[in-house]
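Below is a briefing on one protein model. Look at the sequence and the fold first, then read the points by topic.

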Amino acid sequence: MKDHGVLHPQLARVLAETGHTDLVGLCDAGLPVPAGVERVDLAFAPGEPALLDVLDAVLEELRVEGYVLASETAEQAPWLVTALAERLPEAAVTWVDHAGLKMRSAGARAIVRTGEVRPFANVLLVSGVDFDALAGEPLRRRSRSAGR
């Protein structure tokens, strides 16, 4: 049994399948999920789970090189803008209008619906990759065993 990290089986699978530059959306309870985009529905009550709790769990398992926010978020959800800047200080932020965020979400690998009920609590995370970390110890072990 998995006993650490993301325990939700669908979300754990989605994160494991996410590749470089894929989008993974985290949204409030009201954002429409476009047809054809996988919906990971975590919401079970108003405010539960909170978007920041889900974000923190996702960031433990997903490298993020950038994120997309609606320009309206700066005024309507400044707490989210601040939280993302604190958690992802080196990630590039792309600002689009709310309609643009909804349009971009149609290309997401998945959208994770939280119980967040504060408006404009939506972000598209851009998956990154650290090739140096990937080429570390496991690659050296494979190289040695390949010559046997």
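Arg-113 counts as buried, at 17% relative accessibility; buried means under 20% relative accessible area, exposed over 50%, and partly exposed in between (1.4 Å probe, protein chains only). This is a predicted model, in which local features need pLDDT of at least 70 and side-chain atom pairs count only at pLDDT 80 or more, while totals for chains, interfaces and linings use all residues. Residues are numbered from 1 along each chain as its sequence is written, and side-chain values use heavy atoms, with hydrogens and water left out.

**Arg-113 and its surroundings**

- Arg-113 is found in strand E5 (residues 110–113). Helices (H or I, at least four residues) and strands (E, at least two) are DSSP runs, numbered from the N terminus.
- The side chains of Arg-113 and Asp-41 are joined by a polar contact of 2.8 Å. A polar contact is a pair of N or O atoms within 3.5 Å; within protein, one must be able to donate a hydrogen and the other to accept it, and residues adjacent in sequence count only if both atoms are side-chain atoms.
- Arg-113 is also in contact (heavy atoms within 4.5 Å) with residues beyond four places in sequence, including Cys-27, Asp-28, Arg-39 and Leu-42.

**The sheet**

- Six strands form an open sheet with mixed pairing, in the order E2-E5-E1-E6-E3-E4. Two strands pair if DSSP finds at least two bridges between them.
- Strand E2 (38–41) and E4 stand at the edges, each with a single partner strand, so one side of each has no neighbour in the sheet.
- On average, neighbouring strands of this sheet are turned by 20 degrees against each other, direction ignored. Axes are lines fitted to C-alpha atoms, for helices over the stretch in contact, and angles run from 0 to 180 degrees between N-to-C directions.
- Strand E1 (residues 23–27) pairs with E6 in the antiparallel sense over 4 bridges. Leu-23 has Val-126 as its bridge partner in E6.
- Helix H4 (residues 78–87) packs on the sheet and touches E3, E4 and E6. The direction of H4 makes about 170 degrees with that of E3.

**Strand E3**

- Strand E3 (residues 64–70) has 6 of its 7 residues buried, so E3 is largely enclosed by the rest of the structure.
- E3 and strand E6 (residues 123–127) run antiparallel, joined by 4 bridges. Here Gly-66 has Val-126 as its bridge partner.
- E3 and strand E4 (residues 92–96) run parallel, joined by 5 bridges. Val-68 stands opposite Thr-94 in E4.

**Nonpolar cores**

- The largest nonpolar core has 29 residues. A nonpolar core is a set of buried Ala, Val, Leu, Ile, Met, Phe, Trp, Tyr and Cys residues joined through side-chain atoms within 4.5 Å.
- Leu-11, Leu-26, Val-58, Tyr-67, Leu-84, Val-112 and Leu-125 touch the most other members of the largest core.
- Helix H1 (9–17), E1, helix H2 (51–59), E3, H4, E5 and E6 each give two or more residues to this core. H2 gives the most, with 5 residues.
- A second, separate core holds 13 residues, among them Val-33, Val-96, Leu-101 and Ile-111.
- Leu-125 contacts residues beyond four places in sequence, including Leu-23, Leu-26, Leu-55, Val-58 and Tyr-67.

**Helix H5**

- His-98, Gly-100, Leu-101 and Ser-105 are buried in helix H5 (residues 98–105).
- Seen down the axis of H5, these buried residues fall within an arc of 155 degrees, so they line one face of the helix. The arc is that of the directions from the helix axis to the C-beta atoms.
- E3, E4, E5 and E6 are among what covers the buried residues of H5.

**Loops and backbone details**

- Asn-122 lies in the loop between E5 and E6. Asn-122 is buried, with a relative accessible area of 3%.
- The Asn-122 side chain reaches the backbone nitrogen of Asp-28 at 3.0 Å.
- Phe-120 is found in the loop between E5 and E6. Phe-120 is not a glycine, yet has a positive phi of about 60 degrees. At 22% relative accessibility, Phe-120 counts as partly exposed.
- Thr-21 lies in the loop between H1 and E1. Thr-21 has a positive phi of about 75 degrees, although not a glycine.
- The peptide bond from Glu-48 to Pro-49 is cis, with omega near -10 degrees. Pro-49 is in the loop between E2 and H2.
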